[in-house]
Amino acid sequence: RQFLVSGMVAAWAVRLGSYLVTRVVKTGGDARFDDVKDKPGKFFVYWTMQAVWVFVSLLPVLCINGGRAPVPLGPLDMLGIAVYGLGMALEVTADWQKAAWKSRPENKGRFIDEGLWSLSRHPNYCGEMMIWWGVFLTCAPGFGAAWQYVSVASPVVVMLLLRYVSGVPLLEQMGEQRWGTEPAFQEYKARTNLLLPLPRFKDTHVN
C-alpha cells in the first residue's frame, strides 16, 4: 500500500508538473498570475496557499508511510484505485484536448467547447478532485489510528480550493472578461455543467 499510494502521487506530480512546464514554455507564462506578479504581498499569499495545499493533499500518504504494518489490499482499495484512475484519465484527456485545440490557429481567441469541454467547463478540475479522493480511499484501510482519518481534509481541501478559491472562480472570471459579451459563450455556460462532464438533460438555453 505504501508503494502504491506513493506511486500514485509520484505519477500525478510528474504528469502535472511536466504539463505545466510545457505550457509555460509555449505560452511564456501563466495567465492566472498575471494580475498578481507585480503585487509581492498577494503573490506571496498565492504561493503560500499552494504550499499549504500540497502539504494537506499529501496527508493520507504521510499517515500511511509513517504508520503501522501493511494491511492487505481490499475492496475499498480497489474503489480508490478506480476513482484515481478515472480522475487521472479525465484530467489528462481534458488537458490534452485543450492543448490540441489551442494549437490550431483558427481557434486563437476563442473558448473551447469540444470534447470533454462540451460537457464540462472545467473537466480537468473534476479529474483533479477525483484523483485525491482516490488516494484517500486507497490509504484509509491502512490507517492504524482514528486520528489519521482527519486526513480526509486532503480531498476536501482540494475540492474547496479548486471550486471556490484558486481554480474555478479565477477561470470563470477570466472567461467573463474575455467572452462575456458573446451570446455564444453565455449559451455555452448555460448548457454546460460546471464540473461533471455529463450531458445536461434540462434545457437552460440563454436567449
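Which residues have the most contacts inside the largest nonpolar core? I looked that up before anything else.

**Ground rules**

I am working with a predicted model, where local features need pLDDT of at least 70, side-chain atom pairs count only at pLDDT 80 or more, and totals for chains, interfaces and linings use all residues. Residues are numbered from 1 along each chain as its sequence is written, and side-chain values use heavy atoms, with hydrogens and water left out.

**Entry: the core**

I found 39 residues in the largest nonpolar core, and W12, Y84, W132, V135, C139, F143 and L195 have the most contacts inside it. Buried means under 20% relative accessible area, exposed means over 50%, and partly exposed is in between, with a 1.4 Å probe and protein chains only.

At least two residues each come from α1 (2-27), α3 (59-65), α4 (75-102), α5, α6, α7 (168-179) and α8 (183-191). Helix α5 gives the most, with 10 residues.

**Entry: the whole chain**

Of the 207 residues, 37% count as buried. I also looked at contacts, meaning heavy atoms within 4.5 Å. Among those between residues at least 6 apart in sequence, 72% join residues at least 24 apart.

**Entry: W12**

I set aside neighbours within four places in sequence and listed what W12 touches. The contacts of W12 are W53, Y84, M88, E91, E128, I131 and W132.

**Entry: α5 against α6**

How do the axes of helix α5 and helix α6 cross? I read roughly 170° for α5 (residues 123-139) and α6 (residues 153-164), with the axes coming within 8 Å. The axes are lines fitted to C-alpha atoms, for helices over the stretch in contact, and angles run from 0 to 180 degrees between N-to-C directions. The two helices are therefore roughly antiparallel to each other. For that label, angles under 35 degrees count as roughly parallel, over 145 as roughly antiparallel, 65 to 115 as roughly perpendicular and the rest as oblique.

On the α5 side I noted Y125, E128, M129, W132, W133 and F136, which meet S154, P155, V156, V158, M159, L162 and R163 of α6. By class, this contact has 10 nonpolar, 1 polar and 2 charged residues. In that sorting, Ala, Val, Leu, Ile, Met, Phe, Trp, Tyr, Cys and Pro are nonpolar, Asp, Glu, Lys and Arg are charged, and the others, Gly among them, are polar.

**Entry: C126**

C126 sits in helix α5. Is C126 buried or exposed? I have C126 down as buried, with a relative accessible area of 6%. Not counting residues up to four places away in sequence, C126 touches L90, L195, L196 and P197. I also noted 9.8 Å between the C-alpha atoms of C126 and M88, which are 38 residues apart along the chain.

**Entry: salt bridges**

My search of the whole structure gave 8 salt bridges. Each is a side-chain nitrogen of Lys or Arg within 4 Å of a carboxyl oxygen of Asp or Glu.

I picked out E91 and R15, whose closest N and O atoms are 3.4 Å apart. E91 lies in helix α4 and R15 in helix α1, so this pair ties together parts 76 residues apart in sequence. Both E91 and R15 are buried.

Next I looked at R121 and E172, which meet in a salt bridge at 3.1 Å, N to O. R121 is in the loop between α4 and α5, while E172 is in helix α7, 51 residues apart. Again, R121 and E172 are both buried.

E172 also forms a salt bridge with K189, with the closest N and O atoms 3.9 Å apart. K189 lies in helix α8 and E172 in helix α7, so this pair ties together parts 17 residues apart in sequence. Through shared partners, salt bridges join R121, E172, E176 and K189 into one network.

**Entry: P169**

I finished with P169 in helix α7. P169 is partly exposed, at 29% relative accessible area. Beyond its neighbours within four places in sequence, P169 is in contact with L162, R163 and Y164.

Methods. Helices (H or I, at least four residues) and strands (E, at least two) are DSSP runs, numbered from the N terminus. A nonpolar core is a set of buried Ala, Val, Leu, Ile, Met, Phe, Trp, Tyr and Cys residues joined through side-chain atoms within 4.5 Å.
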